[in-house]
Amino acid sequence: MSFERVIPKLLTWYELEKRELPWRDTLNPYYIWVSEIILQQTRVNQGLPYYIKFVDKFPKIYDLAVADEEEVLKIWQGLGYYSRARNMQKAANVVINDLDGKFPENFTSIKKLPGVGDYTAAAIASFAFEEPVPVVDGNVKRVFARFLGLVENIQLAKFQSLAFAHLMEVIPKNNPSTFNQAMMELGALICTPKNPNCENCPFAENCVAKSKSLQNILPVNIKKTKIQKRTIHYLFITDKQDNCLIQKRPTDTIWGGLYEFPNIEKGTTEFPLELLDLVGLKDSLDIKVPTKALGITTHKLSHQTITAILWRLDKSQLIDNQLNNRIKIANLNNFPLHKLMLKFVDWIHD
Ligand code: SF4
């Protein structure tokens, strides 16, 4: 069964079952772009409040372009993949400064913006400008592979190109936006990774995976990611005036631009003396190093598993140095913090 023939069923299903979401009520490419970037690697329920906060704080692309980076990261706090937020701000500046404030209006020129790949460019071009170019995200790839019974690994560029080329041929020229949204919605609501709801699927009668009971085998999804294990020691150093030291992460690293306690990577569970160097206490004779950590936690990222150990050290006085800023403990939450830091702040206030 060709894909083309089931499209009317898909569109009918979508009209009846689609979720009401704020970015579906707009043709504003900026809002569509914000929603698509937030929803990468993020479920709708989790992303929705971030979207609302983001467009409320930066209602126009100009507001995002001129905002302080820390303000942007603060809004993004908790979503992860912070380079997405920084790239959005870079792209907003390109639109304001190089394109006279006019958002590009086709797939090819949208793709030239920093941080915008095929998927996001296709979503904006089709949703805002009705350009017939297919969106091929994880949901769409899963539906496509199951419906046609394809056994290629969906992580490979080859599969991506195949799906893109095939869908490019069948995408309705008069309504590409609805088609793309319907495919994504079907993957999100019905053709889910586990236990797909085939009984209520508009493709059920014609789906190869269903007819051969291959739903649990397809799609083939093999990621070649090597997980790196790291141990990072963080120092919560305080003084008698309730200050602590924090530092800003370099922008070109994971969690770039966010704040954290001084830290060092070392594969030990004991207090690493190198932490003292970082806060200018290397030669202090009166320092009693802690023997018990304030807490230990494990944090998983896509490419690494971090064991984070938080140490507390009380000092009568703190001095800022090149790396570290002194701030009131009570003001920690005013800074954009990564997930581990949010956990540490909870421990501290417990
Ligand atoms: S019938 Fe089942 S496996 Fe096939 S596309 Fe629909 S939900 Fe997915």
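Modeller: Of the 350 residues of the protein, 35% count as buried. The model is a predicted one. The protein has 14 helices and seven strands, and its C-alpha atoms fill a box of roughly 80 × 50 × 35 Å along the principal axes.

Colleague: Why is Asn-333 called partly exposed?

Modeller: Asn-333 has 14 other C-beta atoms within 10 Å. A buried residue needs 20 or more, and an exposed one has 12 or fewer. The count for Asn-333 lies in between, so Asn-333 is partly exposed.

Colleague: Where is Asn-333 placed?

Modeller: Asn-333 is in the loop between strand 7 (325–328) and helix 14 (339–349). Its C-alpha atom is separated by 8.0 Å from that of Val-345, twelve residues apart along the chain.

Colleague: What makes strand 5 hardly covered?

Modeller: Strand 5 covers residues 295–300, and the count of buried residues among these six is zero. Since burial requires 20 or more other C-beta atoms within 10 Å, none of the six residues reaches that number.

Colleague: How do you know that strand 5 and strand 6 pair?

Modeller: Pairing requires at least two bridges. Strand 5 and strand 6 (residues 304–314) have six bridges, in the antiparallel sense, so they count as paired. Ile-309 in strand 6 is the bridge partner of Ile-296.

Colleague: What makes Tyr-234 stand out in the largest nonpolar core?

Modeller: That core has 89 residues, and Tyr-234 is among those that touch the most other members, along with Val-34, Ile-124, Leu-235 and Phe-236. Helix 2 (residues 29–39) gives the most to this core, with eight residues. The core draws at least three residues from each of domain 1 (3–135 + 161–183) and domain 2 (228–349).

Colleague: How do you know that domain 1 and domain 2 are in contact?

Modeller: Ten residues of domain 1 are in contact with eight of domain 2. A contact requires C-beta atoms within 7 Å, so these residues meet that limit across the two domains. On the domain 1 side, helix 5 (69–76) and helix 6 (83–98) each supply at least two residues, and helix 5 gives the most, with four. By class, this side has two nonpolar, four polar and four charged residues. The centres of the two domains, taken over C-alpha atoms, are separated by 36 Å.

Colleague: Which residues come nearest to the ligand?

Modeller: Cys-191, Pro-196, Cys-198, Cys-201 and Cys-207 come nearest, out of 14 residues around the ligand. Helix 9 (138–148) and helix 12 (208–211) each supply at least two residues of this shell; helix 9 gives the most, with three.

Colleague: How many residues of each class does the shell around the ligand have?

Modeller: The shell has eleven nonpolar, one polar and two charged residues.

Key: Residues numbered from 1 in each chain as written. Predicted model: local features only at pLDDT ≥ 70, side-chain atom pairs only at ≥ 80, totals over all residues. Core = buried A, V, L, I, M, F, W, Y, C linked by C-beta atoms within 7 Å. Domains from an automatic or database assignment. Near = placed C-beta within 6 Å. Nonpolar A, V, L, I, M, F, W, Y, C, P; charged D, E, K, R; others polar.
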